[in-house]
Amino acid sequence: MSDESPRLGIVLMIATTFVFAMQDGISRHLAGEYNVLMVVMIRYWFFAAFVITIASRQAGGIRAAAKTEQPALQIFRGALLATEICVMIGAFVLLGLVEAHAIFACYPLIVAALSGPILGEQVGWRRWAAIGIGFVGILVILQPGVTVFSIEALVPLCAAIMFAIYNLLTRFAARKDKAATSFFWTGTIGAVVTTCIGVWFWEAMTPGDWIWMATLCVSGASGHFLLIKTYEVAEASAVQPFAYLQLVFASALGLTVFGEELATNVVIGAGIVVAAGMFTLWRARATGRG
């Protein structure tokens, strides 16, 4: 891997986080006007078409992409991610982009905490300390006992837990399946699950919102394509810290477009969470264990 590869990977990751942040903003708009399940369903139709098109152009075609020794795991992964997306978009509507993303930013800490029981990886005391500090940051954001606790704040936290488990199961699946196989199952199973539920919540959309819906679909596929390219040219450990920029981009969008407020406790808490997450990534890269 050339010296330029990490730099290109970083540029691609920054572009990925920007696209995903814009996608979150469009999702928030559409989910505020229409049923969340319908919005996610249409998004998954395009996503499924995207992964099927990619699979059909690879060696062996769709049959090779779908081949797996662990179908139950792949089905559960796909269904879990689809559910997480619905929950997180609901959080955008309930809390706004700023606070929802600030809480969701703890998911790498949850990944680190659960990597032991799920993957059998060793987590050292330094990373456990960082995990503890990170969740102190979540408490700073939530402010339990200081103000009237908002039950809605648990929604992005649930999404973070689900996304962390999805990430761990993806790593577990990678022991037997190729990334292309997991990607194929993610898109197709998500489309099946969301269609089975979302079709019952269909609502007529205005022509203007169909344009936003089309933009959402294209941005989703573009974001995943950029992410694939990111990991093709650079190691995950080198670019993963830059994934936190999605919090910055989404917050800027929430402040400028949706008129959200930036509370002091959210800024401080998010800073603690991100710092703790960066440390766990650094330890994982430095030691290879914990």
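Which residues in α5 are buried?

Author: The model is predicted, and local features are therefore described at pLDDT of at least 70 and side-chain atom pairs at pLDDT 80 or more, while totals for chains, interfaces and linings use all residues. Residues are numbered from 1 along each chain as its sequence is written, and side-chain values use heavy atoms, with hydrogens and water left out.

The buried residues in α5 are L97, V98, A100, H101, A102, I103 and F104. Here, buried means under 20% relative accessible area, exposed means over 50%, and partly exposed lies in between, with a 1.4 Å probe and protein chains only. Helices are DSSP runs of H or I with at least four residues, strands are runs of E with at least two, and both are numbered from the N terminus. Because 7 of its 8 residues are buried, α5 is largely enclosed by the rest of the structure.

Two of these residues, V98 and A102, also line the second largest pocket. Rolling a probe the size of a water molecule over the atoms shows where empty space is left. A pocket, on a 1 Å grid over the protein atoms alone, is an open set of points where a 1.4 Å probe fits, with protein on both sides within 12 Å along at least five of seven lines; lining residues have an atom within 4 Å of a point. The second largest pocket holds about 150 Å³ of space, a volume being the space filled by probe spheres set on the points, which are joined across faces, edges and corners. At least two lining residues come from each of α5 (97–104), α12 (245–256) and α13 (264–287). Besides V98 and A102, the lining includes L247, V248, S251 and L255, as well as L262, V266, V267, A270 and G271. By class, 9 of the lining residues are nonpolar and 2 are polar, with no charged residue. In this classification, Ala, Val, Leu, Ile, Met, Phe, Trp, Tyr, Cys and Pro are nonpolar, Asp, Glu, Lys and Arg are charged, and the others, Gly among them, are polar.

Helix α1 (residues 4–33) includes S5 and M22. M22 counts as partly exposed because its relative accessibility is 25%. S5 is buried, with a relative accessible area of 13%. S5 and A234 are 229 residues apart in sequence, yet their C-alpha atoms are 5.6 Å apart. Not counting residues up to four places away in sequence, S5 touches V233 and A234; contact means heavy atoms within 4.5 Å.

Helix α10 has 27 residues and reaches 39 Å from its first C-alpha to its last, close to the 39 Å expected. The expected span of a helix is 1.5 Å times one less than its number of residues. Buried residues in α10 include D209, M213, L216, C217 and T230. T230, in helix α10 (residues 207–233), counts as buried because its relative accessibility is 0%. A polar atom of the T230 side chain lies 2.7 Å from the backbone oxygen of L226; a polar contact is a pair of N or O atoms within 3.5 Å, and within protein one must be able to donate a hydrogen and the other to accept it, while residues adjacent in sequence count only if both atoms are side-chain atoms. Leaving aside neighbours within four places in sequence, T230 is in contact with G9, L12, M13, T16 and V239.

Y231, also found in α10, is partly exposed, with a relative accessible area of 36%. Leaving out residues up to four places away in sequence, Y231 touches M13, A236, V239 and Q240.
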